[in-house]
Amino acid sequence: MPECENCGKEFEGNFCPSCGTKAGTAEEKKFLNETRIDLNYNLRMTDNMAGKKSQILLIVAALCLLVCGGVFLALELTLFKNSEPDFIFQIFLLTFGAVLLVFALAFRPLVKMLLKKNMQGKESINSYTFTEAGYEVVTKLNDGTESKASGGYAAFTEAREYRDMWLLYLNKATVFSVDKAGMTEGTVEDLSALFMRNMGARYKVRCSK
């Protein structure tokens, strides 16, 4: 049984189950990807990053406030019915909960509206090159300007894999989004394995393939 060239574990098949290394990767390989960033892609990326999750959290928080306000109001009416009632706290909870619920329900349409406004007429193409040593990305905007960035995988604070893309976080404000459909050299599975073995626990799979 062959041993993994990366971690030394014996395995059968194309990929090591321990670290994700592909069999026979002694030779340096290049993975090329071209990701077109437009409005539709930004909407998908935003949904993956925070859209659905943030909306659910906001709805849960709003419902908790409404329930608490209702419970405190019921207690005030039953336990202190002989004294002068004071509903200020209950009214605050119910009002804030109702406002938060309306905002939560409008959250995703609001995000889409803002994205449409900000992305109007804007588009870019990110050309990625990934190797075992690191990455390079060339960004070309539709106004003709171009920028380059490069580095190693240690620079990424986290990587998240979704059904349709990878999100590579340099920090909270800087995210490289890589469209799986944009692979021009190499396969999605091989690039996932490269990220996995170079980032370890910082690599998260958010959706099943």
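The model is a predicted one. Its secondary structure amounts to three helices and nine strands, and from the N terminus the elements follow the order β-α-α-β-β-β-β-β-β-β-α-β. Of the 209 residues, 32% count as buried. Among contacts with a separation of 6 or more, 56% are between residues 24 or more positions apart.

**Five-stranded sheet**

- An open sheet is formed by five strands in the order β4-β3-β2-β1-β8, and the pairing is antiparallel.
- The edges of this sheet are β4 and β8; each has a single partner strand, so one side of each is left without a neighbour in the sheet.
- From one strand to the next, the twist of this sheet averages 20°.

**Strand β1 and its partners**

- Seven bridges connect β1 with the antiparallel strand β2, which comprises residues 124-130.
- Two bridges connect β1 with β8 (residues 183-185), and these two strands also run antiparallel.

- Strands β3 (residues 135-141) and β4 (residues 146-151) run antiparallel and are joined by six bridges.
- Glu136 stands opposite Ser150 of β4.
- The two strands form a hairpin with four residues between them, and Gly144 in the turn has a positive phi of about 95°.

**Four-stranded sheet**

- An open sheet of four strands has the order β7-β6-β5-β9, with mixed pairing.
- Strands β7 (175-179) and β9 (203-205) stand at its edges; each has a single partner strand, so one side of each is left without a neighbour in the sheet.
- The twist in this sheet averages 15° from one strand to the next.
- Strand β6 (residues 165-169) is joined to β7 by five bridges, and the two run antiparallel.
- Trp166 has Val178 in β7 as its bridge partner.

**Helix α3**

- Helix α3 (residues 188-199) lies across β5 (158-161), β6 and β9, and it runs at about 25° to β6.
- The five-stranded sheet has the order β4-β3-β2-β1-β8, with β4 and β8 at its edges. Helix α3 packs on this sheet as well, where it touches β1, β2 and β8, and its direction makes about 100° with that of β1.

**Second largest pocket**

- The second largest pocket holds about 150 Å³ of space.
- Its lining consists of Ile37, Asn42, Met119, Lys122, Glu123, Ser124, Leu141, Asn142 and Asp143.
- By class, three of the lining residues are nonpolar, three are polar and three are charged.

Key:
Residues numbered from 1 in each chain as written. Predicted model: local features only at pLDDT ≥ 70, side-chain atom pairs only at ≥ 80, totals over all residues. Heavy atoms only, no water. Pairing = 2+ DSSP bridges. Axes fitted to C-alpha atoms, helices over the stretch in contact; angles between N-to-C directions. Contact = heavy atoms within 4.5 Å. 1 Å grid on protein atoms, 1.4 Å probe; cavity = no way out; pocket = protein on both sides within 12 Å on 5 of 7 lines; lining within 4 Å. Points joined across faces, edges and corners; volume = space filled by probe spheres on them. Nonpolar A, V, L, I, M, F, W, Y, C, P; charged D, E, K, R; others polar. Buried < 20%, exposed > 50% of the residue type's maximum accessible area, 1.4 Å probe, protein only.
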